[in-house]
Amino acid sequence: MEYLSIVFEEVYKILFLLVPVLVSVAMIVWLDRRVWAFVQKRQGPNVVGPFGLLQSLADALKYIFKEMIIPSSSNKVIFILAPIVTMTLALIAWAVIPFGATQVLADINVGILYLFAVSSLGVYGIIMGGWASNSKYPFLGAIRSAAQMVSYEVSIGVIIINVLLCVGSLNLNDIVIAQQNMWFVIPLFPMFVIFFISALAETNRPPFDLPEAEAELVAGYQTEYSGMMYAMFWLGEYANILLMCAMGAVLFLGGWLSPLEIYPFTLVPGVMWLILKILLLFFLFALVKAIVPRYRYDQLMRLGWKVFLPFSLIWVVLTASYLFYFNLLPVN
Amino acid sequence: MIAHSIFFYTFSLIAIVSAIMVTASKNTVHSVFFLILDFISISCLFIMIGAEFLGMIMLIVYVGAVAVLFLFVVMMLNVAQQKNQWFASKDSSKHIPVGLIISTLIFVEIIIVIGGWKYKPEIFDINNSLTQVTVTNTHSLGQILYTDYIHVFQISGMILLVAMIGAIVLTFRQRAGVKRQSYIKQISRERVEGVEVLEVETNKGIRIDD
């Protein structure tokens, strides 16, 4: 019985985390379309509910009642598994995000490595979907995204090393607490910019949305999907985008810390600060989608391997030498 | 403790079954997927014995990078054709003796290693000193790798670098007649260089291809 009560408590905690994440994913889709529309002087979705807030729910309802079509020549097991993998990986990563000094589901020692590992596994949903569809456009999309995500992961890894040099711990809460005096966005500003652009590429957002470039590849790896399976890809993708925003907020913008430790700011709980920072980063994601044209494939590869990787490596050397020379290395 | 052993047996069962399926499945892409499942369950086992750093690095390096490249190559092959040629022919049985010899060798090596660990524990006193320290295992790995074993560590890094450069040199070929873009050239082009306005006389035209 004791074991059962522990299990129930954990399930309760997990639901308490996942339900808000899923609801905010639906809301964030609405926000994305709204921002996109306003930049282009359109209205965007504004009919369903107040300001069109319920548009995503209406869309989700539509997807649920649509027929799921499984192509007869596809590899059925992997075809069905692909959206499930995408969705699951996008959700399990939220376990380690700290919403407060104690409000974290799993406060593990290697939190940042866990986040990095889960985000690097995200490519499998896309490859599996693209290959199992047994069709040309999905396959091309899957090949493109495999190469793209592997390339940009490398630079994200090096950027994480930069932050870790300043912190001396892989625990996400330690990373947040290390930013008490100064958020890492100030000393490591170039790394923040590169992290932001790499996160765009890692989540297949414009201008790096080559795996699903509709002008060339119909819808890329999602071409053969319909109904609920398509909706799962769609939710997983946006959950991943939110996750990258949360990662950026924790690594560079001080996570749940308030910007100033003075009276009116300290009243606001840490969770609200983290949500505000995630929303700010997501707003930038949405703006970039609206104002930047798509990259060509060779330019994308050049940017990842020849610009970002050497630059962030040089920055690692600089950070390490600076910390070593001024005896600031975090030693415990 | 019961939950712990249930998890242990689940992960080890998945690891063993998927390792067998890697060799047994006829579709090469399925083999790679089973290999990935194997890697993931092995990293779960690493995490269960408290080596969370190794488990995560295993996920990042093997599953996140190496297996993606495997999949990348295998997906390019014509799986259906290969399946028919390879499994239907009698060629496949020729390799069984060689495979048996190699697997016996590996089995004997594993037994020797485990035997040494079991009967002469003082060889592995580093192992013992690791468990006594109360720091996280990322810290303790760093403290050993970058102090006592710094030379071995650096040399293994150099070997990887040499292998990488070697692979690039072997596959690098310079093709003639490929137009390369120079970004600086493109951006620094002025209007004066690109456009020329000319008066064209009627019925005479103008030569442009000089």
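These are legends for close-up views of a predicted model.

Residue numbers start at 1 in each chain as its sequence is written, and chain letters start from A while ligand numbers start from 1, both in the order of writing. Because the model is predicted, local features need pLDDT of at least 70 and side-chain atom pairs count only at pLDDT 80 or more, while totals for chains, interfaces and linings use all residues.

**View 1. Helices H8 and H13 of chain A cross.** H8 (residues 189-202) and H13 (residues 297-325) have axes that come within 11 Å and cross at roughly 145°. Helices here are DSSP runs of H or I with at least four residues, strands are E runs of at least two, and both are numbered from the N terminus. Axes are lines fitted to C-alpha atoms, for helices over the stretch in contact, with angles from 0 to 180 degrees between N-to-C directions. The crossing of H8(A) and H13(A) is left-handed (the near helix is turned anticlockwise from the far one by less than a right angle; clockwise would be right-handed). H8(A) brings A:Pro190, A:Met191, A:Ile194, A:Ser198 and A:Ala201, and H13(A) brings A:Gly304, A:Phe308, A:Phe311, A:Ser312 and A:Trp315. Contact means that C-beta atoms, placed from the backbone, lie within 7 Å. Sorted by class, that's seven nonpolar, three polar and no charged residues (Ala, Val, Leu, Ile, Met, Phe, Trp, Tyr, Cys and Pro are nonpolar, Asp, Glu, Lys and Arg charged, and the others, Gly among them, polar).

**View 2. A:Phe195 sits in helix H8 of chain A.** A:Phe195 counts as buried because it has 26 C-beta neighbours inside 10 Å. The cut-offs are 20 or more other C-beta atoms within 10 Å for buried, 12 or fewer for exposed, and partly exposed in between, with C-beta atoms placed from the backbone. Setting aside neighbours within four places in sequence, A:Phe195 touches A:Ile156, A:Ile159, A:Gly248 and A:Phe252.

**View 3. Chain A meets chain B.** The contact draws 17 residues from chain A and 16 residues from chain B. On the chain A side, H4 (111-121), H5 (123-132) and H6 (136-167) each supply at least two residues, and H4(A) gives the largest share, six residues. By class, this side of chain A has 14 nonpolar, two polar and one charged residues.

**View 4. Helix H3 of chain B has a bend.** H3(B) (residues 52-76) has 25 residues and reaches 34 Å from first C-alpha to last, close to the 36 Å expected at 1.5 Å a residue (that is, 1.5 Å times one less than the number of residues). The helix bends by about 30° at B:Ala67, where the bend is the angle between axes fitted to the seven residues ending there and the seven starting there. Buried residues of H3(B) include B:Phe53, B:Met56, B:Leu59, B:Val63 and B:Ala67. Among what covers the buried residues are H4, H5 and H6 of chain A, plus H2 (28-48) and H8 (137-145) of chain B.

View 5. Most residues other than glycine have a negative phi, and most peptide bonds are trans. A:Phe51, in the loop between H1 (2-39) and H2 (55-65) of chain A, has a positive phi of about 55°. A:Phe51 is partly exposed, since 13 C-beta neighbours lie inside 10 Å. B:Asn203 has phi near 65° and comes after H11 (191-194) of chain B. A cis peptide bond, omega about 5°, joins A:Pro206 and A:Pro207.

Note on methods:
Two residues are in contact if their C-beta atoms, placed from the backbone, lie within 7 Å.
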